[in-house]
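Welcome to my notebook. I opened this structure and looked up a few things, one entry at a time.

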Amino acid sequence: MATSRSGGLWAYLESRKNLTGSACGLAGVVLTFTGAAGPYWPAVVAGLYGAGALLAPPERPAPPDFPDPSAQLDEVRADFGRLRGYLAGVELPPAAGERLGELTGLLEALLEPGWVAEVLAADPDGVHAVSRAVRQDVPEAVDAYVRARWWTRMTPGQEPPERHLERQLTLLREEAARLTDRLRDAEARRQESHTRYLEDRSG
């Protein structure tokens with residue numbers, strides 16, 4: 001309790017209100033020594049201190065220090081490396097393996113350090129989509145297939161689980177392709193805007 005009180009007192013002593021009020025109070029002390037404050041100098045000093053404290057701008061707490069998009073991509077890139085290690089140990093049917101290869105190849109290209117990753121980092125929705133695919137969608141699809149395959153072997157005659165896996169990977173590949181198209185269109189608009197700017201500047 002004592003520590004909390006002393007901490008609060010120290011915070012007030014360092015606050016803008018106290019510093020501004022102290023500066024104004026010091027001006028009152030100067031007025032006292034010059035004789036301008038007269039016999040009411042204590043009230044003048046206190047009044048100037050209070051006025052300064054009231055006029056001081058309020059304290060502004062620092063905003064949370066969230067990682068920037070580039071740092072988020074670094075984390076997703078590291079998770080993608082772990083995902084690739086996991087996928088290397090899973091046996092998939094040829095069709096599903098081909099679709100997975102197309103998907104992971106596209107994700108790898110988007111995450112490759114360089115200007116493409118910088119374009120992706122400027123698109124929060126794109127960063128979220130890639131992060132979700134790497135951390136949730138792909139591992140969930142593959143793990144669900146592995147589990148379902150075991151049950152199918154125990155109870156033959158059920159719908160082959162690879163059909164669901166192939167469909168899931170196809171949908172994820174299409175989603176990644178739409179993201180790539182959106183980023184490409186953004187770069188195309190940027191180029192067109194620069195062309196219009198140069199045309200307008202040249203009259």
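**Entry 1: a residue in a helix.** I began with D79, which sits in helix α4. Helices here are DSSP runs of H or I with at least four residues, numbered from the N terminus. Is D79 buried or exposed? I found D79 buried, at a relative accessible area of 18%; buried means under 20%, exposed over 50%, and partly exposed in between, with a 1.4 Å probe and protein chains only. Setting aside neighbours within four places in sequence, D79 contacts V134 and R135, where contact means heavy atoms within 4.5 Å.

Entry 2: Residues are numbered from 1 along each chain as its sequence is written, and side-chain values use heavy atoms, with hydrogens and water left out. I noted that pLDDT is the predictor's confidence in each residue, from 0 to 100. The chain averages 81, and 67% of the residues score at least 70. Where pLDDT is low, the predicted coordinates should not be read in detail.

**Entry 3: the core.** I looked next at the largest nonpolar core, which has 32 residues. Such a core is a set of buried Ala, Val, Leu, Ile, Met, Phe, Trp, Tyr and Cys residues joined through side-chain atoms within 4.5 Å. Which residues have the most contacts inside it? They are L111, L120, V130, V134 and V138. Helices α4 (69–88), α5, α6 (115–121), α7 and α8 each supply at least two residues of this core, and α7 gives the largest share, eight residues. I then followed L111: beyond four places in sequence, L111 touches L73, V76, R77, F80, A117, L120, V130 and V134.

**Entry 4: a residue in a loop.** Where is E159? I found E159 in the loop between α7 (124–154) and α8 (161–202). E159 is partly exposed, with a relative accessible area of 46%. Its contacts, leaving aside neighbours within four places in sequence, are T152 and H164. I also checked E159 against A148: they are eleven residues apart in sequence and 9.9 Å apart in space, C-alpha to C-alpha.

Methods: This is a predicted model: local features need pLDDT of at least 70, side-chain atom pairs count only at pLDDT 80 or more; totals for chains, interfaces and linings use all residues.
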